[in-house]
Amino acid sequence: MKPAEAYIIKQPEPFKSMLLHLQLLIEHTLPESHLEYKWKLPCYYIEKRPICYLNQSKDYVDVGFWHSAHLTKYTEHMVSENRKVVKSLRYKSTAEIDDALFMNILKEVEKHKNKLFLT
């Protein structure tokens with residue numbers, strides 16, 4: 001088993017279920033993306049550029065998006081907590097995950113990937 005997959009499988013419930021659900025949404029929406037293990041976290045990449053990471057932290061799952069300055073839609077759903085580059089979505093349960101919203105954010109990433117790759 002690859003380290004990124006092991007990270008997800010080793011998480012306690014309900015975090016494991018949330019991570020698996022998010023993984024499915026990412027891979028369905030961005031089939032050209034691939035999962036790597038960087039900075040001790042599962043990270044999705046398109047080509048060699050990081051797109052987002054998955055992290056179980058405290059009592060939630062954090063999905064962080066790099067280069068979020070280029071993402072202009074759906075930012076009201078994201079948390080920045082004084083971070084300059086990364087904005088994230090946070091979930092405390094699988095029921096909180098709005099599949100359509102999450103997939104729309106991923107499509108926005110896809111739409112702007114050329115800009116993301118230039119910075």
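M1, I9 and L20 together form a nonpolar patch on the surface, with an accessible area of about 320 Å² in total. The structure is a predicted model of a protein with four helices and five strands. Of its 119 residues, 48% are buried.

**Surface patch**

- The nonpolar patch on the surface consists of M1, I9 and L20.
- M1 is located in the segment that precedes helix α1 (3-9).
- The relative accessibility of M1 is 74%, over the 50% limit, so the residue counts as exposed.

**Overall arrangement**

- Read from the N terminus, the order of elements is α-α-β-β-β-β-β-α-α.
- The five strands make up an open sheet in the order β1-β2-β3-β4-β5, and their pairing is antiparallel.
- Strands β1 (33-38) and β5 stand at the edges of this sheet; each has a single partner strand, so one side of each is left without a neighbour in the sheet.
- From one strand to the next, the twist averages 25°.

**Strand pairing and hairpins**

- Strand β2 (residues 41-46) runs antiparallel to β3 and is joined to β3 by four bridges.
- Within this pairing, Y45 has P50 of β3 as its bridge partner.
- The hairpin of β2 and β3 has two residues between the strands, and E47 takes a positive phi near 60° there.
- Strands β3 and β4 are paired in the antiparallel sense over six bridges.
- Y53 has G64 of β4 as its bridge partner, while the partner of C52 in β4 is F65.
- In the hairpin of β3 and β4, two residues also stand between the strands, and K58 adopts a positive phi near 55°.
- Strand β3 is mostly covered, with eight of its nine residues buried.

**Salt bridges**

- The model contains two salt bridges.
- One of them is formed by K92 and D59, whose closest N and O atoms are 3.2 Å apart.
- K92 belongs to the loop between β5 (87-91) and α3, and D59 to the loop between β3 (49-57) and β4, so this pair ties together parts that are 33 residues apart in sequence.
- K92 is partly exposed, its relative accessible area being 47%.
- D59 is likewise partly exposed, with a relative accessible area of 40%.
- R90 forms a salt bridge with D62, and here the closest N and O atoms are 3.0 Å apart.
- Distant parts of the chain are linked by this pair, with R90 in strand β5 and D62 in strand β4, 28 residues apart.
- R90 is partly exposed at a relative accessible area of 23%.
- D62 has a relative accessibility of 4%, under the 20% limit, and therefore counts as buried.

**Aromatic pair**

- A pair of aromatic rings is described by two quantities, the distance of the centres and the angle of the planes.
- The count of aromatic pairs in the model is one.
- The ring centres of F65 and F102 lie 6.4 Å apart and the ring planes stand at 50°, so the pair is tilted.
- That class follows because an angle under 30 degrees would count as stacked and one over 60 as edge-to-face.
- F65 is in strand β4 (residues 60-65) and F102 in helix α3 (residues 99-111), so the pair ties together parts that are 37 residues apart in sequence.
- F65 and F102 are both buried.
- F65 is also the bridge partner of C52.

**Contact between C-alpha atoms**

- S17 is placed in helix α2 (residues 15-29).
- S17 is partly exposed, and its relative accessible area is 32%.
- The C-alpha atoms of S17 and T94 are separated by 7.0 Å, although the residues are 77 apart along the chain.

Methods
Residues are numbered from 1 along each chain as its sequence is written. This is a predicted model: local features need pLDDT of at least 70, side-chain atom pairs count only at pLDDT 80 or more; totals for chains, interfaces and linings use all residues. Side-chain values use heavy atoms; hydrogens and water are left out. Rings of Phe, Tyr and Trp (its six-membered ring) pair if their centres lie within 6.5 Å; planes under 30 degrees apart count as stacked, over 60 as edge-to-face and the rest as tilted. Buried means under 20% relative accessible area, exposed over 50%, partly exposed in between (1.4 Å probe, protein chains only). Patches are made of residues with over 30% relative accessible area and no salt bridge: like charges are joined within 9 Å, nonpolar side chains (Val, Leu, Ile, Met, Phe, Trp, Tyr) within 5 Å. Accessible areas come from the Shrake-Rupley method with a 1.4 Å probe; for residues, only the protein chains shown count as cover. A salt bridge is a side-chain nitrogen of Lys or Arg within 4 Å of a carboxyl oxygen of Asp or Glu. Two strands pair if DSSP finds at least two bridges between them. Axes are lines fitted to C-alpha atoms, for helices over the stretch in contact, and angles run from 0 to 180 degrees between N-to-C directions.
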